[in-house]
Amino acid sequence: MSYQLLKQDILFYQRFLKANGFYTARLDGSWGPKTDAADSIFVQRSETILRQLGSFDARSESNLITLAPKVQVLARKFVKLLQDAGNDVRILSGTRTYAEQDALYRKGRHGNTEQKVTNARGGQSNHNFGLAWDIGLFENGRYIAADKKYKSLAPQALSALPNLEWGGSWVTFPDFPHYQHTALVNSVADVRSLFEDGKGYV
Ligand SMILES: [Zn+2]
């Protein structure tokens, strides 16, 4: 999703801003001057991170701006590291609002004939808190789908970058393009509680 879409779900965005230390007022779902000020500070912080760590292709950038600042730092270091090693890595998805996650969850269910893409409903994925991103690998401009390419990249990134977690090491449903920042608590449910209360989780 894009930053513009993130902003349209005001309660969701207020939780995001509050949990990341940019907003201190009430989580009321209405866009007032305090939300506006918090939004400006978040955008400034994101721009500072971009200047310090470098920028990437437009799609990666549109996803990076939806991540929590600490996660932006890690994700930029991650892309830089792998690009410097000769890989065309791009970030294909970042934060999703609960509504977007629910829409993904409906794929392949309840009469929808598309392929299932997720087992997480809104509030059940680390993509819903600005913690996670998914990558795409490209060769000569073409998207690569093969798992083994994704598997071969992970060890280098994981050994170089503290606080990086990889979906490929999940036992039940390994998710090879998925990466995330470690959270301050262990379960997604606990991250969700902190996020919804506007408390720090990363
Ligand atoms: Zn993912």
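**Phe78, Leu81 and Leu82 of helix H5 meet Leu153, Ala157 and Ala160 of helix H7.** Contact requires C-beta atoms, placed from the backbone, that lie within 7 Å. By class, this contact has 6 nonpolar, no polar and no charged residues. Ala, Val, Leu, Ile, Met, Phe, Trp, Tyr, Cys and Pro count as nonpolar; Asp, Glu, Lys and Arg count as charged; the others, Gly among them, count as polar. This is a predicted model: local features need pLDDT of at least 70, side-chain atom pairs count only at pLDDT 80 or more, and totals for chains, interfaces and linings use all residues. Residues are numbered from 1 along each chain as its sequence is written. H5 covers residues 69-84 and H7 covers residues 147-160. Their axes come within 10 Å and cross at roughly 130°, which makes H5 oblique to H7. Axes are lines fitted to C-alpha atoms, for helices over the stretch in contact, and angles run from 0 to 180 degrees between N-to-C directions. Angles under 35 degrees count as roughly parallel, over 145 as roughly antiparallel, 65 to 115 as roughly perpendicular and the rest as oblique. The crossing of H5 and H7 is right-handed. A crossing is right-handed if the near helix is turned clockwise from the far one by less than a right angle, and left-handed if anticlockwise.

**The whole protein holds 8 helices and 5 strands.** Helices (H or I, at least four residues) and strands (E, at least two) are DSSP runs, numbered from the N terminus. The order along the sequence is α-α-α-α-α-β-α-β-β-α-β-β-α. The radius of gyration is 17 Å, close to the 17 Å that the globule rule gives for 202 residues, so the protein is as compact as a globular protein of that length. That radius is taken over C-alpha atoms, and the rule is 2.2 Å times the number of residues to the power 0.38. The C-alpha trace spans about 45 × 45 × 30 Å along its principal axes. Of the 202 residues, 35% count as buried. Buried means 20 or more other C-beta atoms within 10 Å of a residue's own, exposed means 12 or fewer, and partly exposed lies in between; C-beta atoms are placed from the backbone. Among contacts between residues at least 6 apart in sequence, 56% join residues at least 24 apart.

**Helix H2 (residues 10-19) is largely enclosed by the rest of the structure, because 8 of its 10 residues are buried.** The buried set is Phe12, Tyr13, Gln14, Arg15, Phe16, Leu17, Lys18 and Ala19. Their cover includes helix H1 (3-8), helix H3 (33-53), helix H6 (98-106) and helix H8 (188-196). Gly21 follows H2 and has a positive phi, near 85°.

**Helices H2 and H3 pack at an angle of about 55°.** Their axes are 10 Å apart, and the angle makes H2 oblique to H3. H2 passes H3 in a left-handed crossing. H2 contributes Ile10, Gln14 and Leu17, while H3 contributes Thr35, Ala38, Asp39 and Phe42. By class, the contact has 4 nonpolar, 2 polar and 1 charged residues.

**Lys7 sits in helix H1.** Lys7 is partly exposed, with 15 other C-beta atoms within 10 Å. Not counting residues up to four places away in sequence, Lys7 touches Tyr13 and Asp39. Lys7 and Thr97 are 90 residues apart in sequence and 9.9 Å apart in space, C-alpha to C-alpha.

**Val89 lies in strand S1 (residues 88-93).** Val89 counts as buried, with 23 C-beta neighbours inside 10 Å. Leaving aside neighbours within four places in sequence, Val89 is in contact with Val79, Leu82, Gln83, Ile135 and Leu137. From Val89 to Lys199 is 110 residues in sequence and 32 Å in space, C-alpha to C-alpha.

**Asn140 has a positive phi of about 50° although it is not a glycine.** Most residues other than glycine have a negative phi. Asn140 is in the loop between strand S2 (132-139) and strand S3 (142-144). With 6 C-beta neighbours inside 10 Å, Asn140 counts as exposed.

**Asn163 has a positive phi near 70° and is a residue other than glycine.** Asn163 is in the loop between H7 and strand S4 (164-166). Asn163 counts as partly exposed, with 13 C-beta neighbours inside 10 Å.

Definitions and conventions: Two residues are in contact if their C-beta atoms, placed from the backbone, lie within 7 Å.
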